[in-house]
Amino acid sequence: MHRDQSKALIELNHVSKNYPVASGSFQALKDVSLMIDSQQLVAITGKSGSGKSTLLNIIAGIDRPTEGTVTVNGIRVDKLSESELAAWRGRNIGVVFQFFQLLPTLTIVENVMLPMDFCNTYSRKDRRERAFSLLEMVGIQEQADKFPATLSGGQQQRVAIARALANDPSLVVADEPTGNLDSYTAAAIFELFAKLARDGKTVLVVTHEREFSSYFGNTIHLTDGAITAAEPVHS
Amino acid sequence: MKVIRDLTSNYPKNLMLVLAIAVGVFGIGSIHGGYTVINREMAANYLSTEPASATIEFEGKIPDQLLDSVREFPGIDKAERRATIEARMKVDDRWYPILLFVIDDFSRMEVNKVLPISGARSPSPGGMLVERTALGVMRANEGDNIVVQTPHGEAQSLKITGTVHDPGLAPAWQQQAGYAYITLEGLHQLGESQDFDLLRLMVSEDRFSRAHITRKAEQVADLLKRNGITIHEIQVPPPGQHPHQSQMNTVLTIFIIFAFMILALGSILVATSMSTLMVKQVRQIGVMKTVGGSPGQIAGLYVLMLVVICIVALVVSIPLSQLAAAKFVTQIAELLNLEITDGSIPWTVPATQIVSGIGIPLIAAAFPLLRGSRISVRAALDNSGVSVTSKASTWISQLSSHFNDTARLALRNAFRQRSRLALTLGLLAAGGAMFMTALNVSDAWDKNLAQIYVQRLYDQEIKLNDRISPDSLLNKIAQFNGVTTVEGWDYSPTSFAGESKYEITNTYPDMGHGSFTMLALPANTKLLNPIVTEGKWLTDEGTNEIVLNQLARTSGMKIGDEISLTLENKVTKWKVVGITEDIGSSAAAYVSIQSFTRLNGSADQIKMIRIGYTDRSREFVRKMNRDIEALLEESHASVGSTTPVWLLHNAVAAHMKVLVNSLLAMAILMAVVGTFGLTSTISMNVLERTREIGVMRAIGATPRKVRRLIVAEGLIIGILSIVVGFVVSIALSYFMGRFIGHISFRTTLTLTISMSAITIWVLIVMVGSYLATILPARRANRVTTREALAYE
């Protein structure tokens, strides 16, 4: 999965994650070590409860490891405070959720502008322009001034992807982004991710959908919190 | 099991529901509780003194035998001889009025009873008992000596040998006068030779019928007359009514209005909370239906859960509301000179709280509950994540698009749950409206009070005990450096001459409340600036012209009407030429001094001196008054009372305290309830949007940004409430000004907008909104991004 350590965008060393449960502790990740190079579309697969989302969350700084170190683009993510994490994530990570999670009180273009507003990237007048260009890139610029509730699931996910790209992050993470979409729309979304990887982004996708495996440069397979396979896949 | 798990699984959420219900129940309990206790205690206090149904003012001596005959007179239950002397007391080297109540037998008081508090039960020679509220005015304590001078006596030192409570009197600080109780022997020691001159009567039947009381008092007066007693006046104050009953009625009316407002707003708070709860449980309902739960079973679960929440709210709020009610009662009691003998809140109050605290939430929740329990399985299971349906109104979206990111999002979030927003706005705006109204009315009252100085161009009023030929004394006063004008006036208590052969007045035993005075003055007086609202002022030529103030005007009276007034036992005829609007006076009729002396047979004599000074400052007036009083002493003028205008101003101002303090207390309560409502609303909003906050943090919002966003939302609601509250306060101030002006002076208070009220309220709301939102904001930030994203 990696050829040259110096080129690795993401590096996990002996990462474990335990959650307290009624019966004691549940280990979601077990001593996971991996490196992911930049400019790839990587799939994280596995059964439900195998630790896919936990791994993705730890890489994106949404969750913290119980043990081990997480380095993304040279930054020790596990050492950042909650506030530093939010600022870092806003500038360096684009997050795409299964249920889109667009803010219902903001219009489409305002949703895309939000990360720029939060992180104060780009000048105020450039933000709207950039948001429009991102919406154009994902193909829904006509819907810019509508509210999310008026859009279909596929359209909302495109907006979510545009929002994830707002601050031009090097890494985009998506947790089952097509789980709530039909296969036709899902294929279009994966095509969009593949294009992002071709354009220089690293895209990390948690998915169950084996039929889209052709899009992935690499696949990390998890079983019971441990990596059981990491194989290159033909594109 | 599900009910217990639901209740224990999310404490903050359930705590908010408990708080929402508790706020409403607290409001109902504290106000309803306070209302019932004050209502009961006021009646109990006043009636416990056995207030006289009527008082006959007479001249002569009623021997014991005649008194016994009166006591045995058909329809008379009790009778007691009394006297009330308007005297002076020296406090801090200045003279103040003091009422000396002369009591026949302190151990056998049956009418207008005073209740012993401490010290002697009966004043010893050279001593007096003092009404508890008068100690402050006298700046003295039990055991201290006070210099007292009666109209015909020398100034003498009297020792305060005990304190009493006289619930029939307004607090002394409101009247700016002392109240003391002495024996007849004590009065004689003070240099007065007079005997008892009042006969207080209690009728045995129809105690609340003014007509019956008057009839019985007239019959007793006839009896006295047959025994050689001269009858001056029969006083029949409103039966069973405390002298401040009208103010009290106003206060209680305001209480009731507030109680209903809080009840209504509390119910909306509960309804919204229930609706939120059902929305948040939709997915679980879908699951339960999938596994076989019927709509009835599901509805039953939530009813049970709601009842448990209500019970917790009741357990918390009932004791707290009782404490608040007790505090409230204490404050009002102090303002009305009431002694709370039984502060217990009747069972009906907690019963009302229980019924409304469970019933209203159940009724309010019925609709969302039925709707929720009947939702289809498919629709219920589809419900997840960030709400996609709620969106702000188009105009809000357009308006907010001009703001930066924080303000834009905060503004739209504030308008997201419109019913909840309306509730919070309602609570805060109602608090603000009442707060601003209280201060606006207070300012309007002050403005009206300032009219006392505009209307009265004199600074000192001296009432003499006997009529004197004034020229040399007036000339001497006029010589003083600093005196601009001095005029000789006269006065006499009066009443409308009716069918009765006696003079019937409404005067209370404190001789002030309910009194009607005829004031005789030079028609071209320089010491009065009357506000004539109808007709004209007195003219020199008018021989029987009379001008009445608004309190003396009877309903239907017109300019040009002929009226008959009693004047020292004679019936006199007058022609009404004008109506004035007086501030700070009781009912008064103005006549020219020439007409008065002619009818009264007191030519070239006066009984009152009014003096104007060059400088109206209190310090100057005090200095001048000391000099004038020294001159009066030198001249051996028998001074009944000396009243500077500022003292009158203070006395009238003190009456308003009851109302302004009550309004302010209610306003503060509303502000507290409003802030609770805001906290509850923001907490609900934050809880509902926990996942949304997680999303924002996932895409780069720092905890500081999230906190700013939530606080901004609270501040926006706060600012909106200020605007709404301000608008409502203007309307409310207008009506309240009419209401209070009418019951106080029978005039309308000028609509006044208090800038300090707005400033203070803005500060309260801003600080309150900040505090109300900072806790939910902190809570939102304590949840990790992962937890927030996983929140359902």
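Which residues of E9(B) point one way, and which the other way? B:Leu198, B:Arg200 and B:Met202 point one way from E9(B), while B:Leu199, B:Leu201 and B:Val203 point the other way, and all are buried. A residue is called buried if 20 or more other C-beta atoms lie within 10 Å of its own, exposed if 12 or fewer, and partly exposed in between, with C-beta atoms placed from the backbone. This is a predicted model, in which local features need pLDDT of at least 70 and side-chain atom pairs count only at pLDDT 80 or more, while totals for chains, interfaces and linings use all residues. Residues are numbered from 1 along each chain as its sequence is written, and chains are lettered from A and ligands numbered from 1 in the order in which they are written.

**Chain B at a glance**

- Chain B has 23 helices and 21 strands; helices (H or I, at least four residues) and strands (E, at least two) are DSSP runs, numbered from the N terminus.
- Of the 792 residues in chain B, 49% are buried.
- Among contacts in chain B between residues at least 6 apart in sequence, 85% join residues at least 24 apart; a contact here means that the C-beta atoms of two residues, placed from the backbone, lie within 7 Å.

- E9(B) is mostly covered, with 6 of its 6 residues buried.
- In a regular strand the side chains alternate between the two faces of the sheet.
- E1(B) and E9(B) run antiparallel and are joined by 4 bridges; two strands pair if DSSP finds at least two bridges between them.
- Opposite B:Glu57 stands B:Leu198 in E9(B).
- E2(B) and E9(B) also run antiparallel, joined by 6 bridges, and B:Ala79 has B:Leu201 as its bridge partner in E9(B).

**Two helices of chain B**

- Helix H7 (residues 210-226) of chain B has 17 residues and reaches 24 Å from its first C-alpha to its last, close to the 24 Å expected at 1.5 Å a residue; the expected span is 1.5 Å times one less than the number of residues.
- The buried residues of H7(B) are B:Ile213, B:Lys216, B:Ala217, B:Val220 and B:Ala221.
- Seen down the axis of H7(B), these buried residues fall within an arc of 145°, so they line one face of the helix; the arc is that of the directions from the helix axis to the C-beta atoms.
- An α-helix has 3.6 residues a turn, so residues three or four places apart point the same way.
- The buried residues of H7(B) pack against several elements of chain B, including strand E1 (54-59), strand E2 (76-91) and strand E9 (198-203).
- On the face of H7(B) turned away from its buried side sit the exposed residues B:Ala211 and B:Arg226.
- Just after H7(B), B:Gly228 takes a positive phi of about 85°.
- In helix H17 (residues 593-600) of chain B, the buried residues are B:Ile593, B:Phe596, B:Leu599 and B:Asn600.
- Those residues cover an arc of only 135° around the axis, which puts them on the same side of H17(B).
- Just after H17(B), B:Gly601 takes a positive phi of about 70°.

**A closer look at B:Tyr179**

- B:Tyr179 lies in strand E8 (residues 178-182) of chain B.
- With 27 C-beta neighbours inside 10 Å, B:Tyr179 counts as buried.
- Leaving aside neighbours within four places in sequence, B:Tyr179 is in contact with residues including B:Leu99, B:Val130 and B:Ala134.

**A sheet in chain A**

- In chain A, 4 strands form an open sheet in the order E2-E1-E4-E5, with antiparallel pairing.
- Strand E2 (24-37) and strand E5 (75-76) of chain A stand at the edges, each with a single partner strand, so one side of each is left without a neighbour in the sheet.
- Strand E1 (residues 8-21) and strand E4 (residues 67-72) of chain A pair in the antiparallel sense over 5 bridges, and A:Leu12 has A:Val70 as its bridge partner in E4(A).

**Where the chains meet**

- 29 residues of chain A are in contact with 29 residues of chain B.
- H2(A) gives the most to the side of chain A that touches chain B, with 7 residues.
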